[in-house]
Structures are given as structure tokens and as C-alpha cells.
Amino acid sequence: QPFICSIIGKDDEGELFQRLLNENNLSSWGVLDNADRVTTVKTRVIGNNQQLLRVDNERTDPINSLTEFALVERVKEIALKEKIDAIIFEDYNKGVLTEGAIRSIIDFANDNGIISTVDPKKDNFFSYSGVTLFKPNLKELKEGVGKDFEMTEQDLFLEAVDELKVKVNPKFTFITLSEHGVYMNEGDQHHFIPAHLRSIADVSGAGDTVISVATLCLTCNLSAKNIAEIANLAGGLVCEKIGVTTVDKEQLMSEVLAL
């Protein structure tokens with residue numbers, strides 16, 4: 001059962017978002033409205049079954065300290081009352097996930113034995129120290145550690161991973177490598193999982209799918225290698241569909257069983 005926690009504006013788009021949550025039986029408990037913000041709207045322009053461009057209407061400056069406090073307290077309230085197993089940070093540098101909010105929530109999760117995972121972006125890249133699973137893509141890894149290399153230079157890639165681990169200290173380091181598949185590290189264990197041959201239609205939402213499925217696998221105490229394999233499959237499946245779509249549970253299960 002997912003609980004979305006975020007900030008929306010007191011506007012027509014915010015009302016629409018709340019209505020969509022209700023229509024889909026999703027809780028709006030964690031969604032706070034704020035007159036100082038606008039509700040983010042992404043408009044995707046698609047032609048010939050391909051996304052040509054995206055137009056975003058949003059505010060990306062950091063939320064103020066009062067809003068940050070209210071959001072963190074709401075996350076804690078939901079986590080404790082609903083006995084939440086895991087918290088996923090979807091960081092897109094939109095101003096909601098401030099450094100203070102990140103630190104407060106990770107500390108709270110660790111104190112209460114709650115798994116925490118993150119799909120990070122550049123601005124707060126090293127703010128997630130102590131998170132359970134850290135999942136950048138290859139571009140974000142390079143930007144974060146300030147190194148450039150090709151995947152054929154595996155020693156340079158592993159050096160970048162080691163530098164990341166020193167600064168963030170996650171239990172799991174999970175890196176998506178696009179056409180090269182995914183990489184998973186736990187302690188001294190390294191797993192390179194190759195990409196599956198797919199007919200790619202649209203990569204929108206693939207990273208979100210990977211982090212959510214990986215987190216679900218973590219809550220089920222699967223091995224690092226199995227987490228990477230299943231999340232890799234899920235990310236590939238949604239790329240076969242146009243637009244932002246959910247992964248089909250039965251289709252994913254059939255592919256997992258065929259591994």
C-alpha cells in the first residue's frame with residue numbers, strides 16, 4: 001500500500017491531483033497543499049508514438065522551513081501509524097526534498113528500522129548518507145563523483161563506485177546502466193546484470209519502476225543479485241509501452257520465473 005508524500009499548490013491542478021488520487025483509491029494523507037507553491041504539471045508532446053518534448057510548469061526553489069517541517073512530520077506520522085516497511089525518495093531537484101528533510105527522514109528511518117531507498121539527482125547527491133539503497137544512473141554517478149569514463153573501462157567505473165560508497169555509505173549501491181543493464185554492489189559483492197533485448201518505445205518512468213520494484217524486493221529480504229535482476233526486468237518492461245505506465249505484475253512474474 002503506497003502513501004505519496006509531497007507538496008502541491010492550492011490551485012486547479014492540485015484539486016485535480018487530489019481527485020485522481022481518490023478515484024484510484026490512493027491516500028492523499030501525505031499530500032500537503034501550500035499557497036506559495038504551484039502543482040507541478042508535465043505536458044508530454046507525442047508524435048508518431050514517440051515523445052518529442054516535455055513542457056513543465058513548476059516551481060523548483062526549495063520549500064521554506066515551515067513547509068519542510070510539516071512534510072517531515074507527516075512522513076513520520078504515516079510511517080509510524082501505518083507501520084511502513086520502506087521509504088522511497090524520488091529526488092528530481094524540484095525543491096521539495098531539501099537537505100534538511102532528507103537528513104531528518106533518513107535518521108528517522110534508521111532509528112525505526114525502516115528501509116530507505118533513493119533515486120538521487122545532482123543537487124542533493126551526497127545528502128543521502130546512511131540510506132539503505134542508493135540508485136543513481138550512470139550519468140548521475142559520473143556527475144556526482146566528477147569522473148568521466150566509458151563502461152569498457154570497468155576499473156574506472158569501480159573506482160567511481162568506491163568513491164560513492166565512501167561518501168554515502170549505503171548498504172546497497174544499485175546503478176542503472178541503460179543499454180549495459182544494471183550494477184549492484186553489497187559489501188564486497190559485485191553483480192553486473194546485462195540488459196534484456198527489448199523493443200524500446202518510451203523510457204519515461206523506467207527509473208521510477210526500477211527503484212519501486214527494488215524497494216519491494218528489499219522488503220522481502222531478497223538477495224542483492226535477485227533484487228537487481230527483478231528490478232532490471234521491470235524497468236525493461238515499462239520501456240516497451242508508450243507514456244508513463246505501470247508494470248504488469250503477472251507479466252513481470254512470468255519473466256522472473258523464466259530467468
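1. Two strands count as paired when DSSP finds at least two bridges between them. The model discussed here is predicted. In it, strand 3 (residues 41-47) and strand 4 (residues 50-57) pair over 7 bridges, in the antiparallel sense. Gly47 stands opposite Gln50 in strand 4.

2. Strands 3 and 4 form a hairpin. The turn has 2 residues between the strands. Asn48 sits in that turn, with a positive phi of about 55 degrees.

3. Lys83 lies in the loop between helix 2 (65-81) and strand 5 (86-90). Its phi is positive, about 50 degrees, although Lys83 is not a glycine. The cut-off for exposed is over 50% relative accessible area. Lys83 has 68% relative accessibility, so it counts as exposed.

4. Asn221 lies in the loop between helix 6 (206-219) and helix 7. Asn221 is not a glycine either, and its phi is positive, near 60 degrees. At 70% relative accessibility, Asn221 counts as exposed.

5. Helix 7 covers residues 224-238, 15 residues in total. From first C-alpha to last it reaches 22 Å, close to the 21 Å expected at 1.5 Å a residue. Of the 15 residues, 13 are buried, so helix 7 is largely enclosed by the rest of the structure.

6. Two packed helices are described by the angle and the distance between their axes. The axes of helix 7 and helix 8 (residues 249-257) come within 10 Å and cross at roughly 130 degrees. The two helices are therefore oblique to each other. Their crossing is right-handed. Helix 7 makes the contact with Ile230, Leu233, Ala234 and Leu237. Helix 8 contributes Gln251, Leu252, Glu255 and Val256.

How values were computed. Residues numbered from 1 in each chain as written. Predicted model: local features only at pLDDT ≥ 70, side-chain atom pairs only at ≥ 80, totals over all residues. Heavy atoms only, no water. Helix = DSSP H or I, 4+ residues; strand = E, 2+ residues; numbered from the N terminus. Expected span 1.5 Å × (residues − 1). Buried < 20%, exposed > 50% of the residue type's maximum accessible area, 1.4 Å probe, protein only. Axes fitted to C-alpha atoms, helices over the stretch in contact; angles between N-to-C directions. Parallel < 35°, antiparallel > 145°, perpendicular 65-115°, else oblique. Left-handed = near helix turned anticlockwise from the far one by under 90°. Contact = heavy atoms within 4.5 Å.
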